[in-house]
Amino acid sequence: MSVKSYQKIIPVTAIQFEGNNTSHTDEVFSFVGVPISINLTGNVVELRVIVDPLKPLVVLVGDYIVKDASGTLKHMKQAEFEAEYTLVE
């Protein structure tokens, strides 16, 4: 038997963090379903998704928040997300 390549397809939903815009942060909050906060310290905008008070997801502008089929949230850098997932229409 020869070696063959396989691909695993895992459907997820995701939202890309676009920055500190009220309508966008409302959309993010609705998507994640847990508390969020915005850190505007310095010249970097950070979104904190409080899935665990001791280990929040820290998402920078352009990065993605990904929700798998079981509802688990994770943070992915834009390049990592775009390399792993394609848009389903």
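**Figure 1. K67 and the ring of F31 in the predicted model.** K67 is placed over the face of F31, 4.5 Å from the ring centre. The model shown here and in the other views is a predicted one. F31 also belongs to the largest nonpolar core, which is the subject of the next view.

**Figure 2. The largest nonpolar core, with 11 residues.** Its members are I15, F17, V28, F31, V32, L47, V49, L57, V59, I65 and L73. Two or more residues of this core come from each of α1, β3 and β4. The element that gives the most is α1, with three residues. V32, one of the core residues, touches V49, I65 and L73, leaving aside residues up to four places away in sequence. In soluble globular proteins, nonpolar side chains tend to be buried together. A second core is separate and has five residues, among them V66, M76, F81 and Y85.

**Figure 3. The aromatic cluster of Y64, F81 and Y85.** Two aromatic pairs are found in a search of the whole structure. The ring centres of Y64 and F81 are 3.9 Å apart and the planes are at 15°, so this pair is stacked; the cut-off for stacking is planes under 30 degrees apart. Y64 lies in strand β5 (residues 64–67) and F81 in helix α2 (residues 78–84), so that the pair links distant parts of the chain, 17 residues apart. Y64 and F81 are both buried. F81 also pairs with Y85, with 5.2 Å from centre to centre and 35° between the planes, and this pair is tilted. Y85 is buried, as is F81.

**Figure 4. The salt bridge between E46 and R48.** The structure holds two salt bridges, and this view shows the one in which E46 and R48 have their closest N and O atoms 3.2 Å apart. The side chains of E46 and R48 also make a polar contact, at 3.2 Å. E46 is located in strand β3 (residues 46–49). R48 has a relative accessible area of 27% and is therefore partly exposed, since this class runs between the 20% limit for buried and the 50% limit for exposed. Not counting residues up to four places away in sequence, E46 touches F17, S37, I38, N39, V58, V59 and L60. Of these neighbours, F17 and V59 are members of the largest nonpolar core.

**Figure 5. The salt bridge between K77 and D63.** The closest N and O atoms of K77 and D63 are 3.5 Å apart. K77 lies in the loop between β6 (73–76) and α2, whereas D63 lies in the loop between β4 (57–60) and β5, so the pair ties together parts that are 14 residues apart in sequence. K77 is partly exposed because its relative accessible area is 41%. D63 has a relative accessible area of 6% and so is buried.

Figure 6. H24 counts as buried because its relative accessibility is 5%, and the limit for buried is under 20%. The residues that H24 touches are I15, Q16, F17, E18 and G19, not counting those up to four places away in sequence. I15 and F17, which are among these contacts, are also members of the largest nonpolar core.

Methods:
Residues are numbered from 1 along each chain as its sequence is written. This is a predicted model: local features need pLDDT of at least 70, side-chain atom pairs count only at pLDDT 80 or more; totals for chains, interfaces and linings use all residues. Side-chain values use heavy atoms; hydrogens and water are left out. Helices (H or I, at least four residues) and strands (E, at least two) are DSSP runs, numbered from the N terminus. A polar contact is a pair of N or O atoms within 3.5 Å; within protein, one must be able to donate a hydrogen and the other to accept it, and residues adjacent in sequence count only if both atoms are side-chain atoms. Contact means heavy atoms within 4.5 Å. Rings of Phe, Tyr and Trp (its six-membered ring) pair if their centres lie within 6.5 Å; planes under 30 degrees apart count as stacked, over 60 as edge-to-face and the rest as tilted. Buried means under 20% relative accessible area, exposed over 50%, partly exposed in between (1.4 Å probe, protein chains only). A charge sits over a ring if NZ of Lys or CZ of Arg is within 6 Å of the ring centre and within 35 degrees of the ring normal. A salt bridge is a side-chain nitrogen of Lys or Arg within 4 Å of a carboxyl oxygen of Asp or Glu. A nonpolar core is a set of buried Ala, Val, Leu, Ile, Met, Phe, Trp, Tyr and Cys residues joined through side-chain atoms within 4.5 Å.
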